[in-house]
Amino acid sequence: MEYRVLGNSVIKKDVADKATGKARYGADYLFPDLLIGKILRSPVAHARILKIDTSRAAALPGVKAVVTHKDTPRHRIGRWVKDRPILAWDKVRYIGEPVAAVAAVDEETAEEALGLITVDYEELPSVFGIEEAERPGAPVVHEDLAKYECESPKFHPHGNVLSESSLKKGDVEAAWKQCDVIWEDSYTTPVVHQGFIQPHETTAAMDASGKITVWTSTKAPFIVRQSVSEGLDIPMSRLRVIAATVGGDFGGKGTAQIEPICVVLTQKSGQPVRLALTREEELSYTFMRDATKSHLKIGAKKDGTLLAFQGQITYDAGAYADLADHMPSSCFLLHGPYRIPNIDITAHRVYTNNSPRGHMRAPPAPQPVFALESHLDMVARKLNMGPVEFRLHNAIEEGDLLPTGARIANPGIKETLKRTQDFLRKEQKEHPQTNTGWGVASCHWGGMPITASGISRDKRNNASSAWVKINDDGTVVLITGATESGGGPITILCQIVAEVLGVGYDDVSIVASDTDGTPYEFATGGSRTTVRVGNSARLAAEDARKQLLELAANKLKTNPGDLVIASGRVYVRGQTQKGLSIAELASLSIDERGYPSLGTGAELRRTEGAAGKSEENWLDAPMHGTHAVKVKVDPETGHVTVLKYFACHDVGFAIHPQNVEGQIEGAVATGLGYALYEEVVMNKGQTLNPNLSDYRMPTTSDVVPVQMETVEIPSRTGPFGAKGIGEPPIIPVAPAIANAIYDAVGIRLTQLPMTGERVFLGMRKKG
């Protein structure tokens, strides 16, 4: 089907403001009496707080507020499990936990005030390793964990285990006896930071009535509002959160971190406060991707058929966890997009006294997929099968019953594998070079029940809404709580509205990311914004369109079904001269009905949701991809150079093709960092490389051009068949590179990052 606006790489809505410097970030909201906030953090990993003395700091000239836990209600906050105090109460659980905060007239005074606060600690035994945390008798990080408020009815914590899940099917023990090849190994992944340019920044101000407005670098203003409201006992009517321009997110700006502290300082001082983290604070104390340890055992028949899979993966949640309820999806991700009749998979997340863990692009997929796709490569080699051939032989197909009990709809995994196979056939005609090799890896991400036009039944965690208003001049305003976090969703939403209403893309403007001025939106992210919010925008636009057609039908004395809407006009089919402009209809709505045309899509959502109930046991919009990479290994240093990179992804329908390309290229670059360079190095809870000199991220010289292909197998529920693309491309990068290194020099690296030192030591050990 041909579209007017969709499928075109239109200019993004936010590009001019960002290019000209007009975009306002969290620290760009200035006030005459603005104060600077700073946080006092714990120097120990686990200790009781015996006494906090803030008197000297409060007496320092220029200090306007000093706050501790005594200035906050005794409420915990958190996205999934409420495990975190705004400021430490009776004890601290990691190095860097906020204990107190100050607001002063300038940064120097604020820093000096921090040095005047004294805290007496009684140190407690700490736990830093995954195995150590699970050991009987280990120091317990959260003594009252079982009493914590949690959204999941499956929350059954014990000891340091925050959450656990399992996925079982068939009889694994019996299946081992039928396997011709069995491979067993363990894998380790590190803590890494999201790598955004802009650290967390928040500005809060209170008006004369006591209402507080917060401007913050977040992709989830409604989540932030909820946490601040609950944590500080502020009614939502007295709290407004506006998402400022976000200077990069990649999962790290979807929860309340510094916002509640900034609000407390504003409340106590009565003045606006700006609180911005340093790079060192970002790399040491914020919610980053968790480290994991996993163990896999996989068996197959001689013909390559997978028969049995036993796997365990454990995540280090740190002292506080922002994504604890991902264990069921972790099991599913460890299983991958493959048909395996006998499985026994378990996943755990455990608390330690390390810094807190949270979301990073594709949580929690890169960790289990690194293990799975590395492992499958070894099984394929033992069977003397090609890596693509082996995966094709076992890949899921339309209608396959997944171990979760759902059936898969429109999977693209086989098509991405075939495209990769074609690419490799051409590339591998070249004469192989010494110490070079090719690696392949695939991924599965997402998928949702087929209900309510792609709006998941996961209620609050996927709640979405949008309004579409028709102006008197025929232009359109999309009103949404979604945030532009850099991936281009705002542009895509405007394209959808323009397409449905038959207006130009430039005729659609947007009001977004304001808890007082827009309808509720859970958050931007999860590779679901295009699908979830796109459907909300589509439904709202269709609602507004229906209103326009009804008005026009009444005025033109015809049926709505006989009308066409295009190029800013509504006219009778086959009679282009017999019609009205959208501007005329918008004015008619006000003149004759007494209200403007405003589409919400609520009724359409209920109708389409009811129509989809017959397919609730199907999983739709899975995002599949396959990558191939060529590397060269320097035998004298172990340094790995990426020579060529190919990525193929099923996107359902590319609403904005250039945006799709950018998402794939950016994700591959991030994945290269995860694979080869990045690691937050910690020793007993202390970050040893909290700066960009020691924390190595890939530069432009490390990233090669990505040759990419897209597959378009339409989703049943995504708007116009679209699927997500923001996160899947990062998932296969690390295992593809690990498999290429093995192909080049014959060593299997099971620990990330695969630094030159680790590669060199692996070659040396091999001899």
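A charge sits over a ring if NZ of Lys or CZ of Arg is within 6 Å of the ring centre and within 35 degrees of the ring normal. This is a predicted model, in which local features need pLDDT of at least 70 and side-chain atom pairs count only at pLDDT 80 or more, while totals for chains, interfaces and linings use all residues. Residues are numbered from 1 along each chain as its sequence is written, and side-chain values use heavy atoms, with hydrogens and water left out.

**Charges over rings**
- Arginine 289 lies over the face of tyrosine 674, at 4.5 Å from the ring centre.
- Over the face of tyrosine 315 lies arginine 349, at 4.6 Å from the ring centre.

**Aromatic pairs**
- Rings of Phe, Tyr and Trp (its six-membered ring) pair if their centres lie within 6.5 Å, and planes under 30 degrees apart count as stacked, over 60 as edge-to-face and the rest as tilted.
- By this rule the count comes to nine aromatic pairs.
- One of them joins tyrosine 3 and phenylalanine 720 edge-to-face, at 5.4 Å centre to centre with 80 degrees between the planes.
- Tyrosine 3, with a relative accessible area of 22%, is partly exposed, and phenylalanine 720, at 25%, is also partly exposed (buried means under 20% relative accessible area, exposed over 50%, partly exposed in between, with a 1.4 Å probe and protein chains only).
- Phenylalanine 423 and phenylalanine 646 form a stacked pair, at 4.3 Å centre to centre with 10 degrees between the planes.
- Phenylalanine 423 is buried at 6% relative accessible area, and phenylalanine 646 is buried at 0%.

**Cluster**
- Tyr3, Phe653 and Phe720 form one aromatic cluster.
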